[in-house]
Amino acid sequence: MVGPLYHKGWYHLFYQYNPDSAIWGNITWGHAVSRDLIHWLYLPLALVPDRWYDINGAWTGSATLLPDGQIVMLYTGSTNESVQVQNLAYPVNLSDPLLIDWLKYPGNPVIVPPIGIETDEFRDPTTAWLGPDGTWRITIGSRSNTTIGISLVYQTTNFTDYELLDGVLHAVPGTGMWECVDFYPVAINGSFGLDTSALGPGIKHVLKASLDDTKVDHYALGTYDPVTDKWTPDNPEEDVGIGLKVDHGTYYASKTFYDQNKQRRILWGWINESDTETADLKKGWASLQTIPRTVLYDNKTGTHLLQWPVEEVESLRLNSTVFKDVLVEPGSVVPLDIGTATQLDILAEFEIESFVSNITDEVSDCGDGAVDKSTFGPFGVLVIADDSLSELTPVYFRPVNTSDGSLKTYFCADETRSSIAFDVFKQVYGGKVPVLDDENYNMRVLVDHSIVESFAQGGRTVITSRIYPTEAIYGAARLFLFNNATGVNVKATLKIWEVNSAFIRPFPFEETL
């Protein structure tokens, strides 16, 4: 995911792409456009690695839309000596809504690794923000002493000349190399996104880093000082890389952009494959993008972001089915008769009726999956399951009774039985999710054949699953409720939509759109 933006009626998605193979290498910028973030049209390649400063790959970058309408694209290039440098590109014709042609700045590279920074650990410039002094700033990920994740800050007035500022935006020991850093404001109160340059009262700043060592995206909320160009986390124990995850599943290298068309901040993430390279080569492609998500500050907890599928995905909804107050007793599985269940949008709410008390659970997280029973969970849905339950992917809550008598809740997705294929990596994903006193347990689950995106409590905790069913496919896929708790009955209310397919195809230049 590189350089997303909105221009003259079109959303633009640029992405790292190998035009020669389904495995990593020869990294080039693919380009696609959409009117609605759902249906996509492929365009010609935007950037190819054809200069000494990017001959080993045109890697991740970000777009900045300037007040005068100009668009600047900064991206990392791997040079002929495998040094990571930052380069500038811009559209040849701003009046072209499709932004088909791009020009690389003849003075590239515009930034080279500073003294003391490893030349192969210096990448992924962010969208620029305008400081109160009238200069633009960007931040770039790196590491110090091999183990300290850092984010460097540069300032510029013209996007061709840059000055490295003293110190770092932020650093966290033990987190290793930071790549695909993202830095943006969120409003403490409000339902709209903010432009990347927004400053002032009522604003928090999100700092996100993709950890190269673990291939996990982490974020933290904090305060940015535009005078010192330092960012401070609200909770040092939940700092970048050691606390909150953007997504607990198969998800990496995420990036946001401000959609000025609808005043919202949109997040995209990369879903990597978890089968083998041999399988990828056989099918001829690898990896996908998540459904775009809006990002807001969760002012109910004050500690989390809320991620939610963009409203446009609802245009794919077809017929719906409602189930009210379905009783799911301990140890039971309840089929939901909705017909084919390969493409679904599921809204589910659960109430628990406890008949035990004063028990401290031994299971303290997602456990060993949905088969691992505890007093209050797990309970949830079984998606992409066949009639015999030889394949299934449970998405579930596991409330845990702690030693002080309070409930701590985990939201989980169990891929261990998602496929009978042997050459697929399958594990249990998940993490804690705050469930407030006035809230029932609620989830939204988007199901699309081999991708499951799950959102708990309005998007406080999110899990993306990449699965490879062999039996629960097409007309054989089913949906079930389940309750593997030992001490509670569960009542479930659901609304389930069958979902249409999005079209993804080459741009029809011969047609008028």
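In these legends, helices (H or I, at least four residues) and strands (E, at least two) are DSSP runs, numbered from the N terminus. You are looking at a predicted model, where local features need pLDDT of at least 70, side-chain atom pairs count only at pLDDT 80 or more, and totals for chains, interfaces and linings use all residues. Residues are numbered from 1 along each chain as its sequence is written, and side-chain values use heavy atoms, with hydrogens and water left out.

**View 1**
Start with Pro378, in the loop between β26 (343-354) and β27 (379-385). The peptide bond that joins Gly377 to Pro378 is cis, and its omega is near 10°. Now find Pro109, in the loop that runs between β8 (102-104) and β9 (122-123). Here the bond from Asn108 to Pro109 is also cis, with omega near 0°.

Most residues other than glycine have a negative phi, and most peptide bonds are trans. Lys215 is not a glycine, yet its phi is positive, at about 55°. You will find Lys215 in the loop between β16 (203-211) and β17 (216-225). Its relative accessibility is 43%, so Lys215 counts as partly exposed (buried means under 20% relative accessible area, exposed over 50%, partly exposed in between, with a 1.4 Å probe and protein chains only). Leu389, another residue other than glycine, has a positive phi near 60°. Leu389 sits in the loop between β27 and β28 (393-401), and it is partly exposed because its relative accessibility is 29%.

**View 1. Asp239 is buried and has no salt bridge.**
Asp239 belongs to the loop between β18 (230-233) and β19 (252-259). How far away is the nearest side chain of opposite charge? That side chain is Lys204, 13 Å from the buried Asp239 (Lys and Arg count as positive and Asp and Glu as negative, while His and the chain ends are not counted). The side chain of Asp239 does make a polar contact, at 2.9 Å, with the side chain of His170. A polar contact is a pair of N or O atoms within 3.5 Å; within protein, one must be able to donate a hydrogen and the other to accept it, and residues adjacent in sequence count only if both atoms are side-chain atoms. Setting aside neighbours within four places in sequence, Asp239 is in contact (heavy atoms within 4.5 Å) with His170, Val172, Ala220, Trp231 and Pro233.

**View 2. Lys262 and Glu311 pair across the sequence.**
Side chains of opposite charge can pair when their charged atoms come close. Lys262 and Glu311 form a salt bridge, with N and O 3.0 Å apart (a side-chain nitrogen of Lys or Arg within 4 Å of a carboxyl oxygen of Asp or Glu). This pair links distant parts of the chain, 49 residues apart: Lys262 is in the loop between β19 and β20 (264-271), and Glu311 is in the loop between β23 (305-309) and β24 (317-328). Lys262 is partly exposed at 32% relative accessibility, and Glu311 is partly exposed at 46%.

Is Asp280 buried or exposed? Asp280 counts as buried because its relative accessibility is 7%, whereas Lys283, at 29%, counts as partly exposed.

The side chains of Arg478 and Asp387 form a salt bridge at 3.4 Å, N to O. Distant parts of the chain are linked here: Arg478 is in strand β34 (residues 478-483) and Asp387 is in the loop between β27 and β28, 91 residues apart. Asp387 counts as exposed at 58% relative accessibility, while Arg478 is partly exposed at 26%.

**View 3. Salt bridges join several residues in a network.**
The linked residues are Glu118, Glu121, Arg123, Arg143, Glu179, Asp212 and Lys215.

**View 4. Phe350 is buried in strand β26.**
Look for Phe350 in strand β26; its relative accessible area is 1%, so it is buried. Beyond neighbours within four places in sequence, its contacts include Phe379, Val381, Phe397, Tyr441 and Leu481. Thr278 is 72 residues from Phe350 in sequence and 41 Å from it in space, C-alpha to C-alpha.
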